[in-house]
Amino acid sequence: MTLTVVPDETVGTSFRAMMRKFPATVTLVTGCNEGVDHGMTVTAVTSVSMEPPALVVCLNNRSYLHEMVLCQPHFAVNVLTQEQRPLSDAFSGKVAPEDRFQPDEWERHGSGVLMLAGAHARVVCRRVAAVPYGTHTLFIGQVIDAFVDDVTRPLLYENARYCISQPAA
Ligand SMILES: Cc1cc2nc3c(=O)[nH]c(=O)nc-3n(C[C@H](O)[C@H](O)[C@H](O)COP(=O)(O)O)c2cc1C
């Protein structure tokens with residue numbers, strides 16, 4: 001017997017509305033395949049494990065980066081500072097992929113992927129699993145390098161707007 005669950009159409013709408021209210025940290029995920037660099041804005045990033053250290057990024061199956069991360073073993077997650085907000089626009093479609101990387105803003109990691117100079121945090125991962133689900137694939141990456149800047153503040157995204165974190169009262 002096959003059990004088919006038909007989702008209530010309104011749940012998708014409610015879920016979208018809920019996720020808009022879900023504050024997220026803005027990152028640029030980067031990859032490199034055969035000398036071609038690519039990157040895109042991603043908020044669906046979270047830690048998975050501390051031992052071994054690992055995180056997950058969720059990429060839309062239709063994005064170019066999705067193909068790249070499937071083909072190549074490494075990717076980087078660059079957490080933007082509040083001053084780097086224009087990069088989020090550029091890497092989410094406002095700038096053509098081939099024009100997104102300004103050479104003076106990026107450093108190449110030994111693994112081959114580009115890391116954003118001056119980012120709030122930078123993590124380089126080796127892909128260890130790819131789990132397709134619906135419109136996206138969950139890429140689990142084992143962390144091979146991690147850097148953090150103690151001075152900068154991260155850029156957040158909530159309710160379709162960029163914002164910055166404030167210490168709670
Ligand atoms: C704030 C913000 C967060 C985003 N988060 C994600 C995400 O977590 N996963 C994803 O697949 N796309 C996400 N996107 C959408 C991609 O950045 C966008 O579709 C991008 O243009 C796809 O890259 P491409 O043009 O290189 O294919 C986000 C966009 C914005 C503006």
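Q: Which residues is Gly118 in contact with, leaving aside its neighbours within four places in sequence?
A: Thr81 and Gln84. Keep in mind that this is a predicted model.

Q: Where is the place of Gly118?
A: Gly118 sits in a loop between two strands, β8 (114-116) and β9 (121-133).

Q: How far apart are Gly118 and Ser165 in space?
A: Their C-alpha atoms are 18 Å apart. In sequence, 47 residues separate Gly118 and Ser165.

Q: Switching to Asn78. Which strand does Asn78 lie in?
A: Strand β6, residues 74-79.

Q: And is Asn78 buried or exposed?
A: Buried. Its relative accessibility is 0%.

Q: What lies 2.8 Å from a polar atom of the Asn78 side chain?
A: The backbone nitrogen of Leu116.

Q: Which residues does Asn78 touch, not counting those up to four places away in sequence?
A: Among them are Val26, Thr27, Leu28 and Thr30. Asn78 also touches Trp106, Leu114, Met115 and Leu116. Ala119, Ala121 and Arg122 are on the list too.

Q: Now Thr137. Where does Thr137 lie?
A: In strand β10, which covers residues 136-148.

Q: Buried or exposed, that Thr137?
A: Thr137 is buried, at 5% relative accessible area. The cut-off for buried is under 20%.

Q: What does the Thr137 side chain make a polar contact with?
A: The side chain of Asn61, at 3.0 Å.

Q: Which residues does Thr137 touch, not counting those up to four places away in sequence?
A: Val57, Cys58, Leu59 and Asn61 are among them.

Q: On to the ligand. How many residues surround the ligand?
A: 17 residues. The closest are His38, Thr41, Ala44, Asn60 and Arg100.

Q: What is 2.7 Å from an oxygen atom of the ligand?
A: An N or O atom in the side chain of His38.

Q: Which backbone atoms lie by ligand oxygens?
A: Ala44 has a backbone N or O atom 2.9 Å from a ligand oxygen. Ser92 has a polar backbone atom 3.2 Å from an oxygen atom of the ligand.

Q: How much of the ligand does the protein bury?
A: 74% of the 640 Å² that the ligand exposes when taken alone.

Q: What is the phi of Glu34?
A: About 50°. That is positive, although Glu34 is not a glycine.

Q: Where is Glu34 found?
A: In the loop between β2 (27-33) and β3 (36-42). Glu34 counts as exposed, at 78% relative accessibility.

Q: And what about phi of Ala160?
A: Near 60°, a positive value in a residue other than glycine. Ala160 lies in the loop between β11 (155-158) and β12 (161-164). Its relative accessible area is 40%, so Ala160 is partly exposed.

Q: Zooming out. How many helices and strands are in the protein chain?
A: Three helices and 12 strands.

Q: How does the radius of gyration sit against the globule rule?
A: The protein chain has a radius of gyration of 17 Å, close to the 15 Å the rule gives for 169 residues, so it is as compact as a globular protein of that length. Its C-alpha atoms fill a box of roughly 55 × 45 × 35 Å along the principal axes.

Q: What share of the residues is buried?
A: 36% of the 169 residues in the protein chain.

Q: What share of contacts between residues at least 6 apart joins residues at least 24 apart?
A: 63% in the protein chain.

Q: What does the accessible surface of the chain come to?
A: About 10300 Å². Carbon and sulfur atoms account for 57% of that surface.

Q: Last one. Which domain does UniProt list for residues 19-164?
A: The UniProt record, an unreviewed entry, gives "domain: Flavin reductase like". In the model, residues 19-164 are 14% helix and 52% strand. The end C-alpha atoms of that span lie 18 Å apart.

Technical notes. Residues numbered from 1 in each chain as written. Predicted model: local features only at pLDDT ≥ 70, side-chain atom pairs only at ≥ 80, totals over all residues. Heavy atoms only, no water. UniProt positions renumbered as here; feature names shortened; annotations may be inferred. Helix = DSSP H or I, 4+ residues; strand = E, 2+ residues; numbered from the N terminus. Buried < 20%, exposed > 50% of the residue type's maximum accessible area, 1.4 Å probe, protein only. Polar contact = N/O pair within 3.5 Å; in protein donor to acceptor, adjacent residues only side chain to side chain. Contact = heavy atoms within 4.5 Å. Near = heavy atom within 4 Å. Areas by Shrake-Rupley, 256 points an atom, 1.4 Å probe, with all protein chains shown as cover. Rg over C-alpha atoms; globule rule 2.2 N^0.38 Å.
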